[in-house]
2 protein chains.
Amino acid sequence: MPDLRTKGPGGLNLLTAVELSEKIAAGQTTSVAIVQDCLNRIKARDPDIRGWAYVDPDLALSQARACDAQPRRSPLHGIPIGIKDIFDTYDMPTAYGSAIYKGFQPTMDTALVGLMRRAGMVILGKCRTTEFASPVPVGVRNPHDFARSPGVSSSGSAAAVADFMVPLALGSQTGGSTILPAAFCGVVGYKSSLTGLDRGGVRHLRPTLDTMGLFARGIADIAALRSVLTGTNAAAPVKSLKDVRIGVCRTPSWDQAQPETVSALDTAARKLAAAGAKLHDAGMSSAFDGLAQSFNVISGVEGLRAMATEARDHLATMNHWIRDSLTAASKHDQETYDKAQLHAVQCQRATAGMFEHCDILITPSTAGEAIADVVSVSNSAFNRTWTLMGVPCVTIPAFEGLNGMPVGLQLVGPVGSDDHVLALSQAVADALK
Amino acid sequence: MPDLRTKGPGGLNLLTAVELSEKIAAGQTTSVAIVQDCLNRIKARDPDIRGWAYVDPDLALSQARACDAQPRRSPLHGIPIGIKDIFDTYDMPTAYGSAIYKGFQPTMDTALVGLMRRAGMVILGKCRTTEFASPVPVGVRNPHDFARSPGVSSSGSAAAVADFMVPLALGSQTGGSTILPAAFCGVVGYKSSLTGLDRGGVRHLRPTLDTMGLFARGIADIAALRSVLTGTNAAAPVKSLKDVRIGVCRTPSWDQAQPETVSALDTAARKLAAAGAKLHDAGMSSAFDGLAQSFNVISGVEGLRAMATEARDHLATMNHWIRDSLTAASKHDQETYDKAQLHAVQCQRATAGMFEHCDILITPSTAGEAIADVVSVSNSAFNRTWTLMGVPCVTIPAFEGLNGMPVGLQLVGPVGSDDHVLALSQAVADALK
């Protein structure tokens, strides 16, 4: 993989959030200087990558100036972040990727955005997303190869972080919308437990599916951001994998895994065993049969409720995937939905059972490296199940495909173990180097 | 205090959620039987208490029948709960206590409501709240004395649980809206860490203040419900207070404490010390000076953003407290708001420092027992600071005032320690018996 750092203006934007934070704390740089370098990079690279929906340089710099004038509020004081454009911001428009909401200006912040501001972070701008965070791409390009997909729906967030335009970004995942673009773009992606990062103020919410996600170029950055957003201390990084129990989970979708993913999982298992971890094959029981269909029912019905007015007034203008999904959902009765939820609950119990035998699962992040166009819907088979299970997931950019594109490894832990999964991820990443 | 159990129809509604759950699991009762007994109690008592905004007996019973026909989804499968009427429900109207939204039918569930349904709980109905959860009462009566206040804004939730109409209820707290009505009505109230219970789908959200709250008649019920809503296991109840470090925090509002509250805190300290706990006086540093004003700025500005369209179109029709609060907020510029948030962050650090010396604080739940009318605004001085700090709070109904009304003791822990605070609360409650 060519080094993206050399592809555009480099300066403070090349550093991670933790590195920047140390420099600010030591008085070696300012938020204004960091934001300026990020803006320079965006100006140079984003006309090609198209990762940003809204950037107002003056507004970003004025936030940075205010940060520089104030005492430090948190370890991420003065650090810029990009916000997926489905999250409301009181001072920047939010279009939800939709023509219906073009130029819409919310009056309030989504809770996570408000918490970032309270911590003294700089909201650099809004990252492009797909129409209502659906899986149909909208022309954001993968920084590693402009002819390839950056993944969806948090594609702008993933591309902006991968291309060193910003150290951190906020996304979300309903199917595979955080892990998939992070893996395609070669950055660290973290999808929280269903309720592990606050969802307050999120519009069009599918209450049992929509999950918050974070992007960064290092696990320490994710842990620091999560700590700021929850108000709690992050777990100390795990130093050794000795006797850590790791389940290798190929999932029922294994036949869809591309050669680079097969190879990545095999190599990871070998290296982790060499580092002292105790590995075993973690199969998924027959309880999971048909879960893809249950997922579709839940996603469809909750999506229809969440976008009821938009579906009523604008269905014909929405993309084919949304139209099909909402139309199919309108035919499901409450009993069908309840049955799908019962199935999901039974699988959640089975998932909890899998973690009696291991501390963490490793499993593919994606079917393979980024697909070779920017218009097709990517395969999120290796993500949807974990989203529905509500478990925390982390993708680490540890491998490379035949076409020189990044390939990720996905780590999955039990519900609520977000801090521990992040702490273990660092040790796994170290072992894979 | 007269026993409320004898004041109306008694049956399964007299049991706690945990007791009911055991009976259902053992096949000794059904969700339909439980819901029917709750409905009977509501029919008999609510014309006087006025705690419910919406109850459709057929809809509640049909949910219960569906639960009885299905495998158990969670430990609270088949258990009914009341929902404060600021939380959207796809199948029941939600008026936010406001004439503007009279009869409004949302299309989707608030996330917590959706999670309750997924766990197989029965949404019994909507509990009355004040206009946009403001502190101005709306005529709900305290079950212990109809001439006294049940507290606000989750007054319907607190009254319904206290009067054995339902074992559990969902509320929220921006100032003192969970702890205060729980204490006035003599039930257990739990206000989570700011992001400790999911806020997804909550309308009119003040992102750095609005916090979710739960009501029950026992701490075990709260712990069970929290576990269902977060997907994680509750901490085991603490059995002994030996060497538990407890800070007695009178707060800078101590001069407002009524004799019953002074006596409650003194008695609690004596009994907890006798149970082996290590007590000390936990003073609040001068960092907290002026925090009431910072609270008002934050609450006002975030409230104005959250209710922007309502304030623009309907300000003249809203109650005096909302009008005054939003009008004052409209005069604050961004710098004033940022300064207030900086003050809050500095106090959050000071609060974290207080917990270096103790595992938990005990502090008044309210200034005193329920005030002697149902129209005045109650004093939430002993709640607002903790809300702004984002810390978990529990009120235990352990004492009685001169007028025979319940008096609570408030337990406060560090951010994110919700499970531990609940586990300690049980031991504290036992020691106070």
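Predicted model: local features only at pLDDT ≥ 70, side-chain atom pairs only at ≥ 80, totals over all residues.
## Where the chains meet

Chain A and chain B share an interface. On it, 42 residues of chain A are in contact with 42 residues of chain B. In chain A, the residues that lose the most area to chain B are A:R73, A:R118 and A:R305, which together account for 20% of what that side buries. The area buried between chain A and chain B is about 3,500 Å². Carbon and sulfur atoms give 57% of that area.

Polar links cross the interface too. Twelve residue pairs are in polar contact across chain A and chain B, with both residues at pLDDT 80 or more. Four helices of chain A each supply at least two residues of the side that touches chain B: α4 (111-118), α7 (219-230), α9 (291-306) and α12 (334-354). Of the contributors, α12(A) gives the most, with eight residues. Two salt bridges are counted between chain A and chain B. A:D198 and B:R199 form a salt bridge, and their closest N and O atoms are 3.0 Å apart.

## Salt bridges within the chains

Side chains of opposite charge can pair when their charged atoms come close. Over all chains, the structure holds 34 salt bridges. One of them joins A:R41 to A:D163, with the closest N and O atoms 3.3 Å apart. A:R41 lies in helix α2 (residues 31-49) of chain A, while A:D163 lies in the loop between α5 and β4 (168-173), so this pair ties together parts that are 122 residues apart in sequence.

Are the two partners buried or exposed? A:R41 is buried, at a relative accessible area of 0%. A:D163 is buried as well, at 0%. The pair also belongs to a network: salt bridges link A:R41, A:R45 and A:D163.

B:D109 and B:R117 meet through their side chains in a salt bridge, 2.7 Å from N to O. B:D109 counts as buried, at 4% relative accessibility. B:R117 is buried too, with a relative accessible area of 16%.

The next pair has another setting. B:K433 forms a salt bridge with B:D430, and the closest N and O atoms are 3.4 Å apart. B:K433 counts as exposed, with 77% relative accessibility. B:D430 counts as partly exposed, at 38%.

## Rings and charges over rings

How many aromatic pairs does the structure hold over all chains? There are eight. In one pair, the ring centres of A:Y96 and A:Y101 are 4.9 Å apart and the planes stand at 85°, so the pair is edge-to-face. A:Y96 is buried, with a relative accessible area of 1%. A:Y101 counts as buried at 13%.

In chain A, A:R250 lies over the face of A:W254, at 5.3 Å from the ring centre. In chain B, the charged end of B:R250 sits over the ring of B:W254, 5.4 Å from its centre.

## Two buried helices

Helix α5 of chain A spans residues 155-162. Eight of its eight residues are buried, so α5(A) is largely enclosed by the rest of the structure. The buried residues are A:S155, A:G156, A:S157, A:A158, A:A159, A:A160, A:V161 and A:A162. A:F164 follows α5(A) and has a positive phi, near 65°. A:D163, the salt-bridge partner of A:R41, lies in the loop between α5 and β4.

Which residues of helix α4 of chain B are buried? They are B:A111, B:L112, B:V113, B:G114, B:L115, B:M116, B:R117 and B:R118. That makes eight of eight in residues 111-118, and the helix is mostly covered. B:R117, one of these buried residues, is the salt-bridge partner of B:D109. After α4(B) comes B:G120, whose phi is positive, near 85°.

Key: Residues numbered from 1 in each chain as written. Chains lettered and ligands numbered in written order. Heavy atoms only, no water. Phe/Tyr/Trp six-rings, centres within 6.5 Å; stacked < 30°, edge-to-face > 60°. Buried < 20%, exposed > 50% of the residue type's maximum accessible area, 1.4 Å probe, protein only. Lys NZ or Arg CZ within 6 Å of the ring centre and 35° of its normal. Contact = heavy atoms within 4.5 Å. Buried area = accessible area lost by both parts, 1.4 Å probe. Salt bridge = Lys/Arg side-chain N within 4 Å of Asp/Glu carboxyl O. Polar contact = N/O pair within 3.5 Å; in protein donor to acceptor, adjacent residues only side chain to side chain.
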